[in-house]
Amino acid sequence: MIIDCHGHFTTTPPGVAAWREAQLAASTADELDAVAAREYEVTDDEIRDAVGGAQLAQQRERGTDLTIFSPRASWMAHHVGDERTSREWTRRQNDLIHRVCTLFPGSFAPVAQLPQSPGAPIEGAVAELRRCVEELGFIGCNVNPDPSGGRWDGPALSDAYWTPLWEAMEELDVPGMVHVSASDNPTVHTTGAYYLAADTTAFMQALSSGFLSRHPGLRLVIPHGGGAVPYHWGRFRGMARDQGWDFEATMAQIWFDTCVYHQPGIDLLLEVVPTSQVLFGSEMIGAVRGTDPDSGRHWDDTKAYIEASALDAAAREAVFEGNARRVYPRIEGWLPAR
C-alpha cells in the first residue's frame, strides 16, 4: 500500500470560494451574521467531479492508494479577519474535507485546519481539533507556526502558549503537520520561499529549545522535504553539538515528507535522514503542477523518484506505508480494504 501524507483540496467547487468572498466582503455585524448562518452551496456531485477528475484521477494514474487530505494550505489565511472569521471558515473547510473522505472511502483520510487567528487564545484551536477527531474521525491536524502570514511576531513553538494544543494532540494521539499559509508580504513568495523558510524555522525552534522532550507523545511532520534541513544536515548537527542541543532526540519526534521534486533532491533526503523519519508525500495537486521536460513526468510524481532511489525493499515499504501508519495511528479506519 502507498500512503501519501500530504494532499490538499486545491480543486474546490465554486461554492467554496463564493462563501469565502462573501465572508471577507461583509462589513457590518449583520452582514457577517448572514454569511455565518449559511453553509457552502456545494453538492455531493460537485465534490465528486472536483475530486474524481483531479486528485483521485492522478492517484490512480500514479499507483498510490490513499492520500492524507486537508484544506488548501494557502487558503487558511489566519492573518485575514479576526478570531470569528477564522473559526467560521475553518469549521466549514474541515466539514468539507470530511465530506470528501466520506464520499471516497478508502482513498482519502482527513486532516484538520485549525482556527489560529493571530493573538487569539489557543483554546479555540484545541476545541476544533477535538471536534474533528472525536466527532468526525480526523487523524491529524495542520499547525501554522506563524499565523501572522510572515511577520513572525507570535510565540515560538516552544512557548507555553502552545502547551494546551500539544497536550491535546498527545491525548488524542494525533500528529501535526507544521504548515504555514499564504505570505502576507509581496516580497516573499508563498510556495517558493515562505513555505520552505517556515519549515526550516520550525525545525530550528524545536532543535534549539528542546521543547519536544516535554511532550514525549507529540509527533510533528515537517513538509516539503524538511525545508533546508537535509541539505544543511551538517550545519544543524554541528550547531547541536556546539550548543548542547539533542539532535537525535529532536529528530525522533519529527518526520519529513518527500515533497522534493527532482531525483537528486530525493536521493539526498533519503541518504542523510533516517528512513524511519521519512514519509511519502507529493503535495498533489499543489505548488507545482507542470511536467518535467526531461522526464516527461509531473514534477510532483514523487513516487517515481523513490522507486528510482537506492532504498532497499524494506526501507521503501517503510517510506510508502509503514511510517505513516506509525505516525498517524488513527488512519486505520480510513484505509482501503486489502
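Biologist: What relative accessibility does W152 have?
Modeller: W152 comes out at 32%, so it counts as partly exposed. Buried means under 20% relative accessible area and exposed means over 50%, with partly exposed in between, using a 1.4 Å probe and protein chains only. This is a predicted model, so local features need pLDDT of at least 70 and side-chain atom pairs count only at pLDDT 80 or more, while totals for chains, interfaces and linings use all residues. Residues are numbered from 1 along each chain as its sequence is written, and side-chain values use heavy atoms, with hydrogens and water left out.

Biologist: Okay, and where does W152 sit?
Modeller: In the loop between β4 (140–143) and α7 (163–172). Elements here are DSSP runs numbered from the N terminus: helices are H or I with at least four residues, strands are E with at least two.

Biologist: What's the phi of W152?
Modeller: Near 55°, which is a positive value in a residue other than glycine. D173 also has a positive phi, about 60°, and is not a glycine. D173 lies in the loop between α7 and β5 (176–178), and is partly exposed at 33% relative accessible area.

Biologist: Where is there a cis peptide bond?
Modeller: From M284 to I285, with omega near 0°. I285 is in the loop between β8 (278–279) and α12 (302–307).

Biologist: Switching to the core: which residues touch the most other members?
Modeller: The largest nonpolar core has 87 residues, and L129, L165, W166, M169, F203 and F256 touch the most other members. Helix α6 (residues 123–136) gives the most to this core, 6 residues. A nonpolar core here is a set of buried Ala, Val, Leu, Ile, Met, Phe, Trp, Tyr and Cys residues joined through side-chain atoms within 4.5 Å.

Biologist: What does W166 touch?
Modeller: V143, L157, F211, H215, L218 and L220, not counting residues up to four places away in sequence. There's also a second, separate core of 6 residues, with V180, Y194, Y195 and A198 among them.

Biologist: How many disulfides does the structure hold?
Modeller: The count is 0. C5 is in no disulfide, and the nearest cysteine sulfur, that of C259, is 6.3 Å away. A disulfide needs a pair of cysteine sulfur atoms within 2.5 Å.

Biologist: Why is C101 too far for a bond?
Modeller: Because its sulfur is 11 Å from the closest cysteine sulfur, in C132. C101 counts as buried, at 1% relative accessibility, and C5 is buried as well, at 3%.

Biologist: Now the holes. How much space lies in the largest pocket?
Modeller: About 390 Å³. On a 1 Å grid over the protein atoms alone, a pocket is an open set of points with protein on both sides within 12 Å along at least five of seven lines, a cavity is a set of points where a 1.4 Å probe fits but cannot get out, and lining residues have an atom within 4 Å of a point. Grid points are joined across faces, edges and corners, and the volume is the space filled by probe spheres set on the points.

Biologist: What lines that pocket?
Modeller: 19 residues line the largest pocket, with L196, H224, C259, V260 and Y261 nearest its centre. The elements giving two or more of its lining residues are α8 and α11 (263–272). By class, that lining is 12 nonpolar, 6 polar and 1 charged. Nonpolar covers Ala, Val, Leu, Ile, Met, Phe, Trp, Tyr, Cys and Pro, charged covers Asp, Glu, Lys and Arg, and the others, Gly among them, are polar.

Biologist: Which residues line the second largest cavity?
Modeller: C5, H6, G7, I68, S70, V111, N142, M177 and Y328.

How values were computed. Contact means heavy atoms within 4.5 Å.
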